[in-house]
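Here is a short report on one protein model. It covers the overall fold, the pockets and the salt bridges.

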Amino acid sequence: MGDARNRLTISISLYGAFLGSGANLIAVLAQTSHYEVAPQLSLVSIFWFCIFGAVGALLIVPISIYHFREGPMRVYDLATWSLLALGFAISWPFVTAAFFPITMHFIQTIENGSGLSIFLSDLPDVILRGFNSFFVYGAATIYTGILAGLAFGIGGIVIDTMEVISNRYRSVYVSIGVSLILGVSILGFSIFGPIELLNRFG
């Protein structure tokens, strides 16, 4: 049971990280000023928005899955998955929003070629701005968070089902493989999907 529980936590966390990355990128693209220049977003911007979107998810998902899902033995525990999806939908936008100033700080430092001393000297102020961003940017991205929570719940049930199959056939890679396929698909759509369509999700 312990191995199955850990494997389920790892699988859902991987999926959550990819989902958080894609959702954060969509949330940024949906903001008017960024949407207008979305086709010109640099690879550096995409990389750091995705990284901190994943960080926001990883601060939430592993703990919640480990403590709320004792094991992948009851696939159709919809009440638990509904609660987990709601928790992700509400918490992810605000947690990720707290990292928005530091995300922009990383991007601007790299693109402007600023030195390490400048980066570190501005870092405390950037971190403090995260408290304001937690509320302001978090509220602005709540719609994306709700859609991400729905995707998290559906994907979680699918991965949970695959984990039961893994236990039945003693295969330790099924659920992890499915989580990677689902997560990479969502992230790929968030990066390469039509801008006009992505904007509707933000």
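For sorting residues by class, Ala, Val, Leu, Ile, Met, Phe, Trp, Tyr, Cys and Pro count as nonpolar; Asp, Glu, Lys and Arg count as charged; the others, Gly among them, count as polar. On that basis, the lining of the largest pocket has 9 nonpolar, 3 polar and no charged residues. Keep in mind that the model is predicted.

**Fold**

The protein has 10 helices and 0 strands. From the N terminus on, the order is α-α-α-α-α-α-α-α-α-α. The chain holds 202 residues, and 45% of them count as buried. Among contacts with a separation of 6 or more, 85% come from residues 24 or more positions apart. The accessible surface is about 10,300 Å², and carbon and sulfur atoms hold 70% of that surface.

**Pockets**

The largest pocket has a volume of about 220 Å³. Its lining includes Leu-19, Ile-26, Leu-147, Ile-186 and Phe-189. Gly-22, Thr-144 and Ser-190 line the pocket too, and under the class rule above these three are polar. Helices α1 (2–30), α8 (142–169) and α9 (174–192) each supply at least two lining residues.

The second largest pocket holds about 160 Å³ of space. It is lined by 13 residues, and those closest to its centre are Pro-101, Met-104, His-105, Gln-108 and Arg-129. Helices α6 (100–112) and α7 (116–140) each supply at least two residues of this lining. Helix α6 gives the most, with 7 residues.

**Salt bridges**

How many salt bridges does the count come to? The count is 2.

| Salt bridge | N to O distance |
|---|---|
| Glu-163 and Arg-7 | 2.8 Å |
| Arg-129 and Asp-125 | 2.5 Å |

Take Glu-163 and Arg-7, whose side chains meet at 2.8 Å. This pair links distant parts of the chain: Glu-163 sits in helix α8, Arg-7 in helix α1, and they are 156 residues apart. Both Glu-163 and Arg-7 are buried.

Now take Arg-129 and Asp-125, whose side chains meet at 2.5 Å. The two lie 4 residues apart in helix α7, so about one helical turn separates them. Arg-129 has a relative accessible area of 41%, so it is partly exposed. Asp-125 is partly exposed as well, because its relative accessible area is 44%. Arg-129 also belongs to the residues closest to the centre of the second largest pocket.

Notes:
Residues are numbered from 1 along each chain as its sequence is written. This is a predicted model: local features need pLDDT of at least 70, side-chain atom pairs count only at pLDDT 80 or more; totals for chains, interfaces and linings use all residues. Side-chain values use heavy atoms; hydrogens and water are left out. Buried means under 20% relative accessible area, exposed over 50%, partly exposed in between (1.4 Å probe, protein chains only). Contact means heavy atoms within 4.5 Å. Accessible areas come from the Shrake-Rupley method with a 1.4 Å probe; for residues, only the protein chains shown count as cover. On a 1 Å grid over the protein atoms alone, a cavity is a set of points where a 1.4 Å probe fits but cannot get out, and a pocket is an open set with protein on both sides within 12 Å along at least five of seven lines; lining residues have an atom within 4 Å of a point. Grid points are joined across faces, edges and corners, and a volume is the space filled by probe spheres set on the points. A salt bridge is a side-chain nitrogen of Lys or Arg within 4 Å of a carboxyl oxygen of Asp or Glu.
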